[in-house]
Amino acid sequence: MEKEVQKENTSESIYLRYIKRRAGLLKKDIRRHKTSYLFILPYCLLFTVFILAPVLVSIGLSFTYFNVLETPRFVGWQNYVDLFFADEVFLTAVKNTFLFAVITGPIGYFMALFIAWMINDIRNKKIRAFMTLLFYAPTISGQAYIVWKYIFSSDTYGFANAWLMKLGITYSPHLWFEDQKYIVPILIIVVLWMSMGTGFLSFIAGLQNVDQSLYEAGYMDGVKNRFQELWYITLPSMKPQLMFGAVMTITSSFAIHDQLAALAGFPSVNYAAHTVVSHLVDYGSIRFEMGYASAIATLLFIVMIVCNKVIQALLRKVGQ
Amino acid sequence: MVGNAFSIAILILMGAFMGLPLVLAVCNSLKPLEELFIFPPRFFVRNPTGKNFHDIFVLMRESWVPFSRYIFNTVFITLFGTVGHLFVVSLCAYPLAKHKFPGRNVIFWLIVTALMFSAHVTAIPNYLIMSGLGWLDNYLSLIVPAIAKPMGLFLMKQFMEQVPDSLIEAARIDGASEFSIFTRIVMPSVKPAWLTLIIFCFQDLWNLQGSNYIYSENLKTLPYALSQISAAGISRAGATAAVAVIMMIIPITIFIFCQSNIIETMVSSGIKE
């Protein structure tokens, strides 16, 4: 059919007829899949009202000045121009966000995958369940990361300070969350501690889904060691979970803020732990400049989409 | 053998890194005040006391509305939110994974992309939508948006892709309706996925403060009430530690329950191509 059109599409009427025919086919296709649409309808309705609409409104607001009380005033690209040329703190925030995302994202992802892989090998069911719990517990435990505030407390009652002093390495307590030198490394440790969860759990479930007969077949085909087995058999069979884990890692590592604010204060000393989302919360919830905050969110959104595209393309190469 | 010892060593080391802070959190909740502030600090508790938990109960008794009301609110929201989310999301994930209907790629792309938009900014549009629907100060404003979360759908769709087509085709030839294929074949074979989903959703809703949309004291949630206790700062250091432990016990229990079921199904189910 396509060839037919290419040959004769000089004639307008034939082209029109082609479009009509395509539309007819599409209609038939849609009618044939009536049940499919019925199945997705409830979710799509909720999604449109509670997720899609707010996102679109926010993107629209990013081109306005909106202080929540007055009606939004259209300002064009002004917010974006200001972000890049008039806002030094934003550039610091971008730098910090990339620092956190580039370090905690990949390390967290591979650590989660590696540990899930090792745990999956444990034969004893009870130990396996316990290990799974151990690695997921920090993610599920809500506010428990506050305990790090106690470990890295700035007085002598904190563990880190007390031990360093007892061992004679330092003589006075370090101000862990007040000294720019220490803030970022400590926060990276805490973030790694609590952000493995979501990807980790889906990897565990995915690993258990891998068809065992594939391994035997693989060894017949010349798979030599555990790592070849991982690369050629295990990972390709859990690609959907790898993609899920990657998206969750991107969303959490670029949107880092809550834990940082709870530990290092908000705003942190000299903006050392100020991320893009911190900046957004600052303008959105404290200064009530929603237009500006929306512009920040939209930019972050675009960066995350691009990053996701790149990673999905890389993941497609797994097992080749 | 060497490789084995190596991996066990890594697991133990990493496990200690993950587990010790939580053990410390539990220990802290049992420490009397004089042990919380001591030099040098001790990791384990020497004279365990239930005083911190007792303090919470005392504070609870003085609360404005009966404390059981906060617990009821959170349990109610968590229960309906999780069940609704699981049902709606699975229903939508099945055609997205297994039917080739026009528009499915666009819909799926939209859902995954929306995952990446910062929730901090959509607060205002969301508020306007809630007030437009008349749902402010109503359980619905907390339950329904939780049902619409894209992450669960993404997870279910990824797992349903792995269900062999031949299985579905066979059922279709036997004359099964799409709904019964969904409930009898697809859902049982992705049990690990929806048990995982329950964990995610439960944990989100259990920690939901929801103070954006809820004003009436008798509709407020447990995390909100408990955060009021720990808001008093250092004077309630002990009670704060106890609050953290209380908040993490229930999700961890649910996790253990779901996780043991996941492992069991994987052993017993023979659904493979």
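Visitor: How do the axes of helix H4 and helix H16 of chain A cross?
Guide: In this predicted model, the axes of helix H4 (residues 78–85) and helix H16 (residues 290–315) of chain A come within 9 Å and cross at roughly 70°. Axes here are lines fitted to C-alpha atoms, for helices over the stretch in contact, with angles running from 0 to 180 degrees between N-to-C directions. H4(A) and H16(A) are therefore roughly perpendicular to each other; angles under 35 degrees count as roughly parallel, over 145 as roughly antiparallel, 65 to 115 as roughly perpendicular and the rest as oblique.

Visitor: And which residues make that contact?
Guide: Asn79(A), Tyr80(A) and Leu83(A) of H4(A) meet Gly291(A), Tyr292(A), Ala295(A) and Ile296(A) of H16(A), where contact means that C-beta atoms, placed from the backbone, lie within 7 Å. By class, the contact of H4(A) with H16(A) has five nonpolar, two polar and no charged residues. Ala, Val, Leu, Ile, Met, Phe, Trp, Tyr, Cys and Pro count as nonpolar, Asp, Glu, Lys and Arg as charged, and the others, Gly among them, as polar.

Visitor: How are the residues and helices numbered, and what should I know about the model?
Guide: Residues are numbered from 1 along each chain as its sequence is written, while chains are lettered from A and ligands numbered from 1 in the order in which they are written. Since you ask about the model, it is predicted: local features need pLDDT of at least 70, side-chain atom pairs count only at pLDDT 80 or more, and totals for chains, interfaces and linings use all residues. Helices (H or I, at least four residues) and strands (E, at least two) are DSSP runs, numbered from the N terminus.

Visitor: Okay, over to chain B, how many helices and strands does chain B have?
Guide: Chain B has 13 helices and zero strands, and its C-alpha trace spans about 70 × 65 × 30 Å along the principal axes. Of the 273 residues in chain B, 42% are buried; a residue is buried if 20 or more other C-beta atoms lie within 10 Å of its own, exposed if 12 or fewer, and partly exposed in between.

Visitor: How do H5 and H8 of chain B cross?
Guide: The axes of helix H5 (residues 104–114) and helix H8 (residues 150–160) of chain B come within 9 Å and cross at roughly 130°, so H5(B) and H8(B) are oblique to each other. Phe108(B), Ile111(B), Val112(B) and Ala114(B) in H5(B) meet Pro150(B), Leu153(B), Phe154(B) and Lys157(B) in H8(B). That contact has seven nonpolar, no polar and one charged residues.

Visitor: How many residues does each chain bring to the contact between A and B?
Guide: Chain A gives 81 residues and chain B gives 77 residues. On the side of chain A, the largest share, 19 residues, comes from helix H3 (residues 34–61), and that side has 58 nonpolar, 18 polar and five charged residues. Among the residues that Cys92(B) touches, not counting those up to four places away in sequence, are Phe39(A), Ile40(A), Tyr43(A) and Cys44(A).

Note on methods: Contact = placed C-beta atoms within 7 Å.
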